[in-house]
Amino acid sequence: MLNRRNWVVALVALLLVGVLAGCGAGVAVPEREVEISVDTALEAQNKLAGLLMAGGAELSEAELSSLLSVLLDQNSGENNPVDAIKVWLEPGNSVVAQIAMLDGVLPEAVGDSLELAGKLAVEDGKVVLNLDAAGAGALGVSPALLAPISAQINAALAGLAGVPVDVETEEGSMSVSLGM
């Protein structure tokens with residue numbers, strides 16, 4: 001007969017198995033090099049600032065990665081565990097992101113970065129990211145956990161948009177235009 005303590009252990013073990021059941025290989029990132037710099041982030045910011053005047057802007061992987069990395073660094077406190085964000089853009093609005101963490105944030109067994117893969121979409125004029133996969137090193141995240149992670153990312157993205165936009169990606173670049 002199971003006592004109360006054994007029920008708790010059994011429940012925790014069942015939950016752990018359920019979460020890990022969806023784990024597979026991590027997310028593979030493209031081989032292309034993405035440079036991150038403050039100057040490149042400023043170029044991207046200027047392009048996006050001119051979006052209203054020009055009706056559109058095109059960002060490279062380096063510009064998008066630099067902009068995200070610098071914005072996160074400037075808008076986070078001193079306890080920010082993220083070192084940099086690299087983004088690779090693929091045709092069909094596919095995106096792969098690698099979030100480099102500071103040393104000691106993640107266990108050594110999984111490495112020093114988190115990887116995400118998904119598709120960009122536009123809902124109600126705002127850019128959203130629908131995750132297909134996430135992982136750290138060789139460990140993948142259970143599909144059941146992707147929706148809450150997407151929801152957190154999309155909540156942050158919703159705060160960035162001031163005007164309705166459309167987004168289209170090609171290998172290495174992203175076009176942003178005013179939406180209707």
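**Close-up views of a predicted model**

**View A. A patch of negative charge sits on the surface, made by D73, D83, D103 and D112.** Everything shown here and below comes from a predicted model. To place one of the four, look for D73 in helix 4, which covers residues 61-75. D73 counts as exposed because its relative accessibility is 56%, and the cut-off for that word is over 50%.

**View B. Here is the largest nonpolar core, a set of 28 residues.** V87, L120 and M174 are the ones that touch the most other members. Strand 5 gives the largest share, with five residues.

**View C. N93 has a positive phi, near 65 degrees, and N93 isn't a glycine.** You'll find N93 in the loop between strand 2 and strand 3. Is N93 buried or exposed? N93 is buried, because its relative accessible area is 16% and buried means under 20%.

**View D. R32 and E61 pair up through their side chains in a salt bridge, at 2.5 Å from N to O.** This pair brings together distant parts of the chain, 29 residues apart: R32 is in the loop between helix 1 (4-21) and helix 2 (38-49), while E61 is in helix 4.

View E. E171 is exposed, at a relative accessible area of 53%.

**View F. K86 and E33 meet in another salt bridge, 3.8 Å from N to O.** K86 belongs to strand 2 and E33 to the loop between helix 1 and helix 2, so this pair ties together parts that are 53 residues apart in sequence. K86 is partly exposed at 24% relative accessibility, and E33 is exposed with a relative accessible area of 58%.

**View G. Salt bridges with shared partners join R32, E61, E90 and E171 into one network.** Counting over the whole model, there are five salt bridges. As a general point, side chains of opposite charge can pair when their charged atoms come close.

Definitions and conventions
Residues are numbered from 1 along each chain as its sequence is written. This is a predicted model: local features need pLDDT of at least 70, side-chain atom pairs count only at pLDDT 80 or more; totals for chains, interfaces and linings use all residues. Side-chain values use heavy atoms; hydrogens and water are left out. Patches are made of residues with over 30% relative accessible area and no salt bridge: like charges are joined within 9 Å, nonpolar side chains (Val, Leu, Ile, Met, Phe, Trp, Tyr) within 5 Å. Accessible areas come from the Shrake-Rupley method with a 1.4 Å probe; for residues, only the protein chains shown count as cover. A salt bridge is a side-chain nitrogen of Lys or Arg within 4 Å of a carboxyl oxygen of Asp or Glu. Lys and Arg count as positive and Asp and Glu as negative; His and the chain ends are not counted. The place of a charge is taken as NZ of Lys, CZ of Arg, CG of Asp or CD of Glu. Helices (H or I, at least four residues) and strands (E, at least two) are DSSP runs, numbered from the N terminus. Buried means under 20% relative accessible area, exposed over 50%, partly exposed in between (1.4 Å probe, protein chains only). A nonpolar core is a set of buried Ala, Val, Leu, Ile, Met, Phe, Trp, Tyr and Cys residues joined through side-chain atoms within 4.5 Å.
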